[in-house]
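Look at the sequence and the model first.

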Amino acid sequence: MDWLTPLTGFVGVVVGAATSYASTHQAQKQQLADARLARDEAERAAVVAANAQALTALLGHIRKMPPDSSLPEVQTAEYEQHLAREEAWWSELLEYIEPARVAALEVRDEELRTLIVDGLSWIHDCQYFDLGLYRRSREWLLMGTVHHLIACVFAWRRGDAAMPEPNSRYRKLKEAWEYEEEVRRIEAEERETAQ
């Protein structure tokens, strides 16, 4: 039975090596997972910071929005001044929307990225919308839309299960955009039919 002792020792060494390898492999997998999680968390924090900064700057510009030059209370003598201020404000708006749009493109979550990009498009294009009753309060609509976008960015940051419900101002601007899109679609169909 001399061969049993060396065999037992060899089996012990093999089992010990296999256990050691498995433990080391498991520890390395855990370290890699922890490093990946930390990297993802740091990336998410940086993306949120960039979006928050760009959207906050956009809010600041919206607060400086001049009154609508086509409102009845704008005097004819002041109309040209109002129109010039309004046109300058809309021209500057793009300087605030573009950084926000670029920051949004870094968001990995498709739902949030689409929500931000769409909201920014509505803000940019609302100068062409028929806002009806809300013409006096374009600033109110735009600020509410940006507030909703910010709320969604931070809900994503927290890892909430769903995006926050849109506020009424966001919904009204979206409805105005959808109405304008429908009008454009109908007009295009009529032009095609007329040809």
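Q: Which residues touch the most other members of the largest nonpolar core?

A: This is a predicted model, where local features need pLDDT of at least 70, side-chain atom pairs count only at pLDDT 80 or more, and totals for chains, interfaces and linings use all residues. Residues are numbered from 1 along each chain as its sequence is written, and side-chain values use heavy atoms, without hydrogens and water. A nonpolar core is a set of buried Ala, Val, Leu, Ile, Met, Phe, Trp, Tyr and Cys residues joined through side-chain atoms within 4.5 Å, where buried means under 20% relative accessible area, exposed over 50% and partly exposed in between (1.4 Å probe, protein chains only). Among the 35 residues of the core, those touching the most other members are L55, L58, L112, L120, I123, L142 and V146.

Q: Which element gives the largest share of this core?

A: Helices are DSSP runs (H or I, at least four residues), numbered from the N terminus. Two or more core residues come from each of α1 (4-63), α2 (76-105), α3 (110-125), α4 (138-158) and α5 (168-194). The largest share is eight residues, from α4.

Q: Is W177 buried, partly exposed or exposed?

A: W122 has a relative accessible area of 4%, so W122 is buried. For W177 the value is 26%, so W177 is partly exposed.
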